[in-house]
Amino acid sequence: MSEPTTTWRRRPGRGWLAGAATLVVIVVAVATTLVFTLGREDSSPSTPAETVSAFLRAVADDDGAAALALMTEPPSREFLTSDALARAHAAAAITDVSARELGSGESSGGSTTPVAPTPPPGSRTAGESADVGAEFRIGGHPVRTTYRTVRDGRRWLVDDGLAAVELASSTIPGLSLQGRPVAGIGTAYVFPGRLVWGSSNRYLAVTDSTDVTGGAAAPTRADPGVTLGDAGNAAVDSALHTYLDRCANSTQADASTDRPGCVQRLYRSAEVSSVRWRAPSSLHDLVRELDPATPTSVSVFGGVTWRAHYTATYGGETTAEVDQPMNGAVDLDAQPVPTYSSAG
């Protein structure tokens, strides 16, 4: 009789189980990467119009890095930051973006000649370009322009998405654009949107509401103006009150006698040192003007009314109102605070 045959099988060891687990982790990781990558590629713009739309949306979202990734290399990146976009956005948001690829002879304003069918994206050749008409709003105002896109491998890039702003010499102290100083710069390249100017002098407000689109638009020549800001008007008020209060401490009929630089005069006969001046309460009739050559000098002229209580040389105690012209300037650069000086 033959003996029964026994078959022995080795049980899986821990090493084998660990290897199998590692293989599963690798497979899952690869699958996850593929899904993520494919999903990202699917969400990327694949046509000229989609590229322009994505570019303008990135600008509208203050995402400078995303906007730059959809462009050809710019001449300069100095003004192309998310902070610059945020400043422009705060002044005037970009909304209602739409874009469509244009055919031959067509502009963003409409077709001017018969348009040939646009080839599908897959039939494009390297180095090919396509024009895209774009419409959007800047601060609620509708704008329209045409962007040129160029093919770069499997993707499209906006080739002229920036606006060129030509800068001239300016008397505005510490002039800045989109939060960046412009000293020594001939042309600034900025994203589409509102131009936001500033000055290093906190009392001045730079005035300009120019919107730029880039694309087919011609370069913009900068011409910012300057005026007193809220802080500037407050500083001028303070300087005037300080000057008038000092002059009110005079006790003479001619205030310049004991308060040099003060110009109020009683034009009446009064006992020496008997005059008690009361400073003007209203400055509404005084005109303020910035000197175009030196914006930190504010010309002030007009009339004010003083009150004086004095002892008349003949007639005893009396009170009078005195209308007095003022002509001088407030120096906004004076330290520690702006000061007013009379021109005489």
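Reply: Two strands are said to pair if DSSP finds at least two bridges between them. The model discussed here is predicted.

Me: What makes β8 and β12 a pair?

Reply: Strand β8 (residues 176-177) is joined to β12 by 2 bridges. At least two are required, therefore the strands count as paired. They run antiparallel, and S176 has G198 as its bridge partner in β12.

Me: Which strands form the open sheet, and in what order?

Reply: The open sheet has 3 strands in the order β9-β8-β12, with antiparallel pairing.

Me: Why are β9 and β12 called edge strands?

Reply: Strands β9 (180-181) and β12 (197-198) are edge strands because each pairs on one side only.

Me: How do you know that β7 and β10 pair?

Reply: Strand β7 (residues 163-166) and β10 share 4 bridges in the antiparallel sense. The definition asks for at least two, so they pair. V165 has A188 as its bridge partner in β10.

Me: Which side chains of β10 are called buried?

Reply: In β10 (residues 187-190), A188 and V190 point to one face and are buried, which means under 20% relative accessible area.

Me: What makes up the lining of the largest cavity, by class?

Reply: The lining has 8 nonpolar, 2 polar and 2 charged residues. Helix α4 (82-91) is one of the elements that supply at least two residues, and α4 gives the most, with 3.

Note on methods
Residues numbered from 1 in each chain as written. Predicted model: local features only at pLDDT ≥ 70, side-chain atom pairs only at ≥ 80, totals over all residues. Heavy atoms only, no water. Buried < 20%, exposed > 50% of the residue type's maximum accessible area, 1.4 Å probe, protein only. Nonpolar A, V, L, I, M, F, W, Y, C, P; charged D, E, K, R; others polar.
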